[in-house]
Structure formats: C-alpha cells, structure tokens
Amino acid sequence: MRAVIFLLSGLILVASCRNETEPKISDKDITLVSDKDGSLASPPYNVEFNEKTQRLSLIRSNESLEGADLNAIISSINKKYQDIKLNLVKAGRDTIELKIDDARQLTQGMGSTGAEAYLAEVTYSLTELKGVKAVKIDFEEGDHAMPGTFTRADFKALTDSAKSK
C-alpha cells in the first residue's frame, strides 16, 4: 500500500512540474492567403440566399487564398462589415479570440438572420486556418446576438442548405 501511495505521489509531482505553455498560432501555421500582397477582396466564406431552398446558405469564396494570413482575413471581414470592427485579442492553441468594441450594428441593426450570417462568416472564414477549431467573440450582448465561442457545428443549418444548391 505504501508503495502505491509513493508511486501516485511521484506521478502527481512529475505531472504538476510540467511547464506547458499554450502554443500560439503563427503566420507560419496559416496556409490561407490571396493576392500577392496578402490582401483578400472578400472573406473566404459568405452567406447567400439560395433560390432553390429559399434559405440562406454558407458559400466558400472562389477567390484564391494563397498568401493571406489571419490579419488579412480579419481585414476582409472588417472591410465587408464596416460598422462592425473585429479586433484580434489572442490567437491560441485552437481558438482565435476577438473583440467587437461597438456591436450595436450586429446586435441591433441586422436582425437575427443578419447577425447569424455575420457570425457564420467570421467563424467559417477563420476556421479555414490550420489548427483553428473555434472562434471566441466578445461583445456586449444585444437583442439579436450574444457573445460566445463558435465552431462550424453552430451553423450546420446554413451548410446543409448549401448542399441542396
């Protein structure tokens, strides 16, 4: 019994001494890009109205993403939605953290459908980056949107209607 307690104590001590720091996503990890200068004309994903299903669909852009990085994608989203400015807080292990200082347009001015489309475009565009599985967006909650951590699974309805196109 003493040997088991000694062994468990040793394992706990070794495990607690490990110095793991959260790896950061660097530009070297990012495989997306576009024009030679790294800028993107539009986000990698856009929500469009599907005439066949009469629903919104999340559509992958035909634009080449060669040479673009995290900042280029955020910039393309900010260019499309000029009244909603995304700010990068942190690029962590598998989650990109963003903040919107003034989210009134998102939470009050676009309606629920517009807010869902925006959050889907941001989430899908940024999860195109190697290793990124989630996007955490912090902003003041409003009538049509609330902050949170989003993954592609959160927008399944938009991708299901795209398959019917």
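Trainee: Where is Q54 found in the chain?
Mentor: Helices (DSSP runs of H or I, at least four residues) and strands (DSSP runs of E, at least two) are numbered from the N terminus. On that numbering, Q54 is found in the loop between strand 1 (45-50) and strand 2 (55-60).

Trainee: What value does phi of Q54 take?
Mentor: Most residues other than glycine have a negative phi. Q54 is a residue other than glycine with a positive phi. Its value is near 60 degrees.

Trainee: What average pLDDT does the chain have?
Mentor: This is a predicted model, in which local features need pLDDT of at least 70, side-chain atom pairs count only at pLDDT 80 or more, and totals for chains, interfaces and linings use all residues. Residues are numbered from 1 along each chain as its sequence is written, and side-chain values use heavy atoms, leaving out hydrogens and water. The pLDDT is the predictor's confidence in each residue, from 0 to 100. In this chain 73% of the residues score at least 70, and the average is 79.

Trainee: In what order do the elements of the chain run?
Mentor: The secondary structure comes to 5 helices and 6 strands. From the N terminus on, the order is α-β-β-α-β-β-α-α-β-β-α.

Trainee: Which strands are at the edges of the open sheet of 4 strands?
Mentor: Two strands pair if DSSP finds at least two bridges between them. The open sheet has the order 3-4-5-6 with mixed pairing. Each edge strand pairs on one side only. These are strand 3 and strand 6 (148-150).

Trainee: In which sense do strand 3 and strand 4 pair?
Mentor: A hairpin joins strand 3 to strand 4 through 3 residues, and L86 has I100 of strand 4 as its bridge partner. Over 5 bridges, strand 3 (residues 86-91) and strand 4 (residues 95-100) pair in a sense that is antiparallel.

Trainee: Which residue in strand 5 stands opposite L98?
Mentor: Strand 4 and strand 5 pair in the parallel sense over 5 bridges. In strand 5, the residue opposite L98 is I137.

Trainee: Which residues of the largest nonpolar core touch the most other members?
Mentor: A nonpolar core is a set of buried Ala, Val, Leu, Ile, Met, Phe, Trp, Tyr and Cys residues joined through side-chain atoms within 4.5 Å. Here the largest has 37 residues, and helix 4 (111-126) gives the most to this core, with 8 residues. Leaving aside neighbours within four places in sequence, I137 is in contact with residues including L86, L98, I100 and F150. The members touching the most others are Y118, L126 and I137.

Trainee: At about what angle to strand 5 does helix 4 run?
Mentor: Axes are lines fitted to C-alpha atoms, for helices over the stretch in contact, and angles run from 0 to 180 degrees between N-to-C directions. Helix 4 lies across strand 3, strand 4, strand 5 and strand 6. Its angle to strand 5 is about 135 degrees.

Trainee: Why does T107 count as buried?
Mentor: T107 lies in helix 3 (residues 104-109). Not counting residues up to four places away in sequence, T107 touches F139, E140, E141, G142, D143, H144 and A145. Buried means under 20% relative accessible area, exposed over 50%, and partly exposed in between (1.4 Å probe, protein chains only). T107 counts as buried because its relative accessibility is 4%.

Conventions: Contact = heavy atoms within 4.5 Å.
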